[in-house]
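Student: I would like to learn how to read a structure residue by residue. Could we go through one together?

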Amino acid sequence: MAPRIGVVVFPGTNCEHDVVQAAEAAGGTGVLLWHGATRLESVDAVVLPGGFAHGDYLRPGALARFSPIMEAVRDFARSGGPVVGICNGFQVLTEAALLPGALQKNGRLRFLCQPARLVVASTASVLTSGTRVGDELVIPINHFSGNYTCDDETLQRLQAEDRIVLRYADNPNGSVDAIAGIANGAGNVVGLMPHPERASSALLGSEDGLVLLRSLVGAASARAAA
Amino acid sequence: MRFRARVEVQLRPGIADPEGATIERALPALGFAGVQHVRAGRSFSFEVDAPDEGAARTTATELADRLLANPVIEQSRLELEAI
């Protein structure tokens, strides 16, 4: 049976249907989860999709962290469940301290909406297990606050523990160490600014996101079988 | 007692501030000379009911640290007055 990929919908989220469709193209079954719910409806993986959760008021992700469902997401992550935050979802994961660092305004204050060339830096995560280090992927970015920032100590730990999963080939937003995506220590929680769901069909100009989503669906299958 | 709190949030020193830098770059064109180290930030105000100033300060500080500022990149400064 196809694993169930839960896709969280906050007020202001706008990429949930794209993620459901792409997750299904990658072999999963998409299940929308409202942010006010307190349970995850036996899903095998959770995606926090892009958009503007709670209007991005205060800071992107700052209020979403307090949505009721986040407690369940936290427990799911703690138990080893695969959790991926895309774009605004990445911002939510850092605000919720499920991932270190913060996403601040892009260098040069530009809203960026363009294909980004990415290089796989680590395969030790639920999102990149199906790739090889050095693989190049072209996946769109679409953000104003995607400039990954952290202190030196955190950066050294991310590097030493092989937790930087994706880097930009040409760092469009000024991120520290050209970071496009990171994982937690166990590799089951991943955040990235690029949108793999927007690169999930030749019709969209790139299918490079599918390898990432297939990795996630694979991790979800393993979780379902466990 | 009721207190008025004003919380100022700014990026920590050393964290790049593209907004402040952009404002600073615009200054010469406007004829402002000798202005430097512009940092952008935001300010919040709210009122707190508490038995005394210490308790109000504790509540306002916690609110600032847990919600108004992201301690990873920002710092906050609190001003409190009885009203």
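Tutor: Let us begin with Leu48(A), which lies in strand 3 (residues 45-48) of chain A; helices (H or I, at least four residues) and strands (E, at least two) are DSSP runs, numbered from the N terminus. This is a predicted model, in which local features need pLDDT of at least 70, side-chain atom pairs count only at pLDDT 80 or more, and totals for chains, interfaces and linings use all residues. Residues are numbered from 1 along each chain as its sequence is written, while chains are lettered from A and ligands numbered from 1 in the order in which they are written.

Student: Is Leu48(A) buried or exposed?

Tutor: A residue is buried if 20 or more other C-beta atoms lie within 10 Å of its own, exposed if 12 or fewer, and partly exposed in between, with C-beta atoms placed from the backbone. Leu48(A) is buried, because 36 other C-beta atoms lie within 10 Å.

Student: Which residues is Leu48(A) in contact with, leaving aside its neighbours within four places in sequence?

Tutor: Two residues are in contact if their C-beta atoms, placed from the backbone, lie within 7 Å. With those neighbours left aside, Leu48(A) is in contact with Val8(A), Gly85(A), Ile86(A), Gly89(A), Val92(A) and Leu93(A). Leu48(A) and Val9(A), 39 residues apart in sequence, are 7.6 Å apart in space, C-alpha to C-alpha.

Student: How many residues of chain A are in contact with chain B?

Tutor: Here 11 residues of chain A are in contact with 9 residues of chain B.
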